[in-house]
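Hi everyone, thanks for making time today. Let me put the structure up, and then we can walk through it together.

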Amino acid sequence: MSRRTFKVILIKPSHYDADGYVIQWWRSRVPSNSLASMYGLMAECAAAKSLGEDVEIEIEAYDECNTIINVKGAIHKIAEAGSGFVGLVGVQSNQFPRALDLARQFRAADIPVVIGGFHVSGCLSMLPEMQSDVKTALDLGVIVFAGEGEGRVASLLHDIDSKQTKPIYNYLADLPEMAAATLPILPRWAVTRVAGHYTSFDAGRGCPFQCSFCTIINVQGRKSRYRTPDDVEAIVRANAQQGITRFFVTDDNFARNKNWEAILDRLIELREQHRFNIKLLLQVDTLCHRIPGFIEKAARAGCTAVFIGLENINPESLMGTKKRQNKIWEYREMLQAWKKAKVMTYAGYILGFPTDTPQSIARDIEIIKKELPIDILEFFFLTPLPGSEDHKKLVMRGVPTDPDMNKYDLEHACTAHPLMSKESWERVYADAWAQYYTDEHVEKVMRRAVVAGINRTKLLDSLVAFSGAAVIEGVHPLQFGYVRRKVRTQRRPGMPILNPILFYPWRIYDALSVGVKWLRRALRYRAILKHVEADPNKASYIDEAMQPVGAEGVDHFVEVFADKIPKTHGAPVRHAAEAEEPVMAK
Ligand code: B12
Ligand code: SF4
């Protein structure tokens, strides 16, 4: 039997910075779970010989955030194999322009290209008409894949191999079960490009809440679909065989994964009885501390850090975006519960809700610094992401939104704000980082962490990275990596490719000045930590955020937002700002 090869090249595109260079690093900080999912699906087809016994399916997977894509090399490999395709994986809205620029090059060489991810899924799920950039992709002959790949990839490969593809594959109405679904996995060589050798998996998909700025519920649904403990154990074991035991669990809200307890119990068993050195990074909501045993089990299962969507401390803003589940009067208790479990907290904070002004934002950040024991705070613009209810409403009402999808990275103002000009909103974003990460507050965060017994090296690393990414590199910490790379020739179309004589001296200066800024910041923060550690009274440090809610007499959250707190179950009963002391309802 003559054998042949079907070559699959998976690329997770990055996006462009303000100068038009692709944002990429020598090492990225966060792994791409979309890439791990697609690699797992392709590897399953390869093992099952889905294209026939005589066809070898060869897969390569690259995250453009940590790899410079060799477009010509990829074209050559697929052409040499005689069949195959390029998969543009997990493409978010901000990555769509870059993905199209890559697609153009492959399509010019007549290579089949399939594009999937949240942009196409979100647009097809929410908009009555095809968005113009998705039309452009179709015009280029790019195959659009909306919905989830589990259970659908083998037939797609058949169609590509037999040259009988459809322009659009739309599975949005048919969400696959996660129990016994294909496992996400990446080969070790791909994981080593992520600092700290973190890999990822999703233990479930779907979220029951209804935040209007969120795309997830409109693409992955509101019903919790989850993996079994056996599957999670298989993911851990397969990675451990490659020497990888650190995982970013990408569920948007692991606390609402209906199988969380069985999954954590299995991970605890693997850690405590089978000695797997598992470390977990989880994403949870602000009510997770109300779930009996959740925080304690997460910590025992190896959770060392959590991402929490705090979003805002103004109840009016939260209600306005249907984030009703966020109850500000519970934030401190929730954060203290994680501290008690020695887990570091990263909290997301969104700027630009309709009633936000520069003054109210500055006031709220000061309240947070004083009253909430958060370790790392990160800021985002409120953005009408394609796939969200907010975006749909703006489009339907004909409200202007920025046509450049490259800006939908939560670091740009993409539509008008009722109370702030674009410039003042952007200033607010830049100021927010500086206002939170003052040396004085960094010291406070360190002192709280020392008392709680949180890993100091990890904290120091995160404080340096999160305080500096936006200020020094001009990118959000979630897109940040180590040692920025800028390829002269990979500039956004429409921007000039600089002459080498101009480019390289500029690039050397650019890299050195950025390096010096990082070094200075790292040394300064290390000195602050040393100073904290040298304090003989460090163990008895206490401040307002570390005390029980209301213990110090006044609860400023309740005081400031008195008239805005909705009368829901558990809310503090009180009467507007003139009230004396808040009384907690039963
Ligand atoms: C983990 C995560 C991250 C991680 C890692 C990124 C990654 N892609 O893995 C980090 C922290 C780096 C990150 C950063 C950002 N993220 Co993010 N992230 C997620 C999250 C929570 C999970 C991603 C994931 O693994 N999903 C599971 C995979 C399996 O789903 P999937 O990507 O859609 O892929 C499936 C299908 O689309 C399809 N498919 C996808 N590609 C392909 C390709 C082919 C060929 C085929 C056949 C099928 C196919 O099959 C896949 C398997 O079922 C999602 C929310 C979510 N629930 O997905 C947000 C999400 C993708 N992020 C989002 C955003 C906005 C960002 C940021 C811009 C800002 C931010 N919030 O931090 C940055 C961008 C930086 C960057 N370089 O990616 C938005 C995107 C919305 C949009 N319209 O674009 C989402 C949807 C969350 C939200 N707020 O709504 N993110
Ligand atoms: S809690 Fe998070 S995942 Fe759930 S709807 Fe709100 S933003 Fe989306």
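I'll start with the ligand and then turn to a pair of helices.

First, some housekeeping: this is a predicted model, where local features need pLDDT of at least 70, side-chain atom pairs count only at pLDDT 80 or more, and totals for chains, interfaces and linings use all residues. Residues are numbered from 1 along each chain as its sequence is written, chains are lettered from A and ligands numbered from 1 in the order in which they are written, and side-chain values use heavy atoms, leaving out hydrogens and water.

Now some N or O pairs, with a cut-off of within 3.5 Å. The Gln220 side chain has a polar atom 2.8 Å from a nitrogen of ligand 1. For ligand oxygens, the separation is 3.1 Å to an N or O atom in the Gln95 side chain and 3.4 Å to a polar side-chain atom of Arg205.

On to the helices, which are DSSP runs (H or I, at least four residues) numbered from the N terminus. H18 (residues 456–473) passes H19 (residues 500–534) with axes that come within 10 Å and cross at roughly 145°. Those axes are lines fitted to C-alpha atoms over the stretch in contact, with angles from 0 to 180 degrees between N-to-C directions. Residues in contact (heavy atoms within 4.5 Å) include Leu460 and Val464 in H18, and Trp518 and Tyr525 in H19. By class, that contact has 12 nonpolar, 2 polar and 6 charged residues.

Terms used: Helices (H or I, at least four residues) and strands (E, at least two) are DSSP runs, numbered from the N terminus. Ala, Val, Leu, Ile, Met, Phe, Trp, Tyr, Cys and Pro count as nonpolar, Asp, Glu, Lys and Arg as charged, and the others, Gly among them, as polar. A polar contact is a pair of N or O atoms within 3.5 Å; within protein, one must be able to donate a hydrogen and the other to accept it, and residues adjacent in sequence count only if both atoms are side-chain atoms.
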